[in-house]
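Dear colleague,

Please find the structure below.

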Amino acid sequence: ISFSPPCVIKPRALWSGKQIFSMIIRPSKESRILLNTQCKTKNYSGRDEDLCRNDGFVVVRNSELLCGQLDKTILGSGSKSNVFYLMLKDYSGDDAGDALCRLARTISNFMANRGFSLGIDDVTPTTSLESEKLSLLTRGYETVRKKIIEEKEGRLEAEAGSTRSETLEAIILKELSSIREAAGKSCKEELLPTNPALIMAQCGSKGSLINVSQMVACVGQQAIRGQRVCDGYNGRSLPHFDYGDKSPVAKGFVSNSFFSGLTSIEFFFHTMAGREGLLDTAVKTAETGYMQRRLVKALEDVVSQYDGSVRNSYGEVVQLIYGDDGMDPAEIDSPSKFSRYPIDIQHLLHHSLASVPARNELSLAVPAAENLIDATTSKWSKIIDDEFRADLKKLIVNYLTAYKNTFNKRRTTRLCPTNELTRLTPSQLNSFMNLCWQKYNRARVEPGTAVGAICAQSVGEPATQMTLKTFHFAGVASMNITQGVPRIKELINANTTVSTPIIRVELLDSTDAELARRTKMRLELTTLGQVCSSISEIFSAEECLVEIVIDVNRIRLLRLDINMDQIEAVISQKLKIGADKFQRPIDERTNKPCKDRLLIDVTENVQLSWQLREQLGKIPIKGIPSVKRAMIRTRKSEETGEDIYYIVIEGEGLKDVMATFGVAFQSAYSNNVMEVAQVLGIEAAREVIIREIQETMSGHGIGIDERHLKLLADNMTYKGRVLGYTRHGMSKMKESALMLASFERTADHLFEAAYYGQKDPISGVSESIISGTPIRLGTGFFDLLYKPISNKNYSSSNSMSAAAGGGGSEASCSSSFATMNGNSTSANKKRAHPDDDIIFDW
């Protein structure tokens, strides 16, 4: 071990934690490990990078920690900026293991001697925190009280597509949830930096700021199925409250902290929320376990081939190139802004600059660097993409010209800072190019990799961490969207109907609010009953009529482009009433037919007049019947900053929506995979599967590599139609009777195969396991061939060639070859072993 000089010398020599960590990574100067990385941690302030005031930006140069506090992002699992992951990739597994072992031993000794404990003092709130909490609660309760009064008096404006009571609930839930968040921020500011609970939350070892806030300040709103505690007991949550009480206390808001202790009512509400979590976990385990088993069965035989394609055991092409770029997700880096390829070339450049000082060389100019890059890349194989080579050149040119205009343009003076800031020598550039070449080749997926099984695990395992909750609320009082495990199940089962179908469309003129309102009314279903003042029966001695009176003002207000002639045509078509049965009374003032009244003669069948009156109110006169409701949404334009309008539709009917005037049909998007496949084709359905699974996973904070999702979607769609991972989809996807029998309905599949005399090539994984043959994956993916040549044939062929005019040299050569192998002509007659005369011709 080589000790670096102490960072504090007087009054006594002291070493910092950063120096100790540097020694853990690289214990001695002789060690070959030169690690280089930089990344943001959880406490990063958002600006100034390595000069961050929270010390939240980690910079490691040549295995020396220069700045930053280490936390979960740089030491924890699941992160590609992890120092041990980088050590494993840049050096070896032994080096990473040794460093990890050194860190564990150092920390366990430090903890044993110093201790790290959590006591009641650490969660005792300060006086200022108590007063801050009280003011937060007072303000929140007052806001909620005002909103409840507004709703009772009918002054609260309902959100689009929601009732007033639903809007009120959403507003209250949002307001009360913000109290806990604000309390959490106050805790962070008020508690000391040495507080153990705060340290654990900030470094990511256990818990979060919400847990600290619940212990110290306020437990917060108890949500059950994403809503406040619902009413039981005849219009109240518990018998202790008044009828219809909507106050925070009556609906499950816990204002106490775990430190101050919960009241009996608060405790009861807290147990309700806790029970939901327990049931959720129990149900979820079974759901996700079965889902993962189906995925593995369907994808187990999907393998990467020597030609770069991905095929199943029958040789059917699932993907022409794995993941569209042939890269292995386990070997690549996180996506970078410097390259379209998943290789962090910025990190490789920093590594080369730090690990190869080359102080005796001069820095390269831009033309010289470009020439050197071209000369190096011209020797590379054609497997390496031209785009990747262009990215490398662009990065180097940007690096060399980064400070071109910042300092004095004359770079001749030795004191000019740009000479050092953008210094790049030939040795450093060669080192960088070699690293890029190695990294690219190592990142390519190897033939024989079980990409299907890896894909199934990569989707199935994160699904076990997702909550089972069915709905979440997109914004205040908006529409429900199925989330979590139920949504993933819907997608991989390829259900024809989804529980919450959503269609999203852009408008022809996205800045025109009037067009948005008119288009909304064209899409949303409007019935005759909604625009009528009255539908009544008129009886006289001679005839019986049904009178329809239209509210013209309402039609104008709703911007429905419809008149009485169109209404008459719709009624005639829907109810099969002849044109002669309709009458239009004359307006006495204008002597023209009335625009707001229509009569239907039912004299021939008077008994059915009341039935007709009932049916008329339900007749759709405008909009798409399958659309439940449409809502106008806005977002800010990134370029101009003005409002852009788009419409979100709850319901199905993508084809009809795209055909509606005002809709930009190119941008229509539906979350129903089967409907998209029917309207837009199989490629569009594949895109929807990938996007929907990715959005559902990211909504729960789970990231999955896109290559896995592409393979999952391709395996569902490569036959030209969408097949789900169910017993029905599997029987259309697979042909092997043994594989299907090992999945579900064993006896049925075996009986059917025997009855029809099916043949099974035994090429898949399940079949190979059942029959005991080697599986065609990994090292069993290829065959070794050798060509045995008998000595007798070898000698006779050589003697024939010699006799044909080959001279004596060939004959003598063949005889000497036979003697060398201990197989003379006499030995051939009395051979010791039957295989002695075989030569292996490699």
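Predicted model: local features only at pLDDT ≥ 70, side-chain atom pairs only at ≥ 80, totals over all residues.

Residues are numbered from 1 along each chain as its sequence is written, and side-chain values use heavy atoms, leaving out hydrogens and water.

The chain holds 32 helices and 22 strands (DSSP runs numbered from the N terminus: H or I of at least four residues for helices, E of at least two for strands). Of its 842 residues, 40% are buried (under 20% relative accessible area, 1.4 Å probe, protein chains only).

Helix 16 (residues 484-493) is mostly covered, with 8 of its 10 residues buried. Among them are Arg487 and Glu490. The buried residues pack against helix 9, helix 15, strand 10, helix 23, helix 24 and helix 25 (contact: heavy atoms within 4.5 Å). Ala494 follows helix 16 and has a positive phi, near 55°.

Helix 23 (residues 673-680) and helix 24 (residues 682-699) pack at about 155°, with axes 7 Å apart (axes are lines fitted to C-alpha atoms over the stretch in contact; angles run from 0 to 180 degrees between N-to-C directions). The two helices are therefore roughly antiparallel (over 145 degrees). Val673, Val676, Ala677 and Leu680 of helix 23 meet Ile682, Ala684, Ala685, Val688 and Ile689 of helix 24. The residues of this contact comprise 9 nonpolar, no polar and no charged (nonpolar: Ala, Val, Leu, Ile, Met, Phe, Trp, Tyr, Cys and Pro; charged: Asp, Glu, Lys and Arg; polar: the others, Gly among them).

Yours sincerely

Note on methods:
Parallel < 35°, antiparallel > 145°, perpendicular 65-115°, else oblique. Buried < 20%, exposed > 50% of the residue type's maximum accessible area, 1.4 Å probe, protein only.
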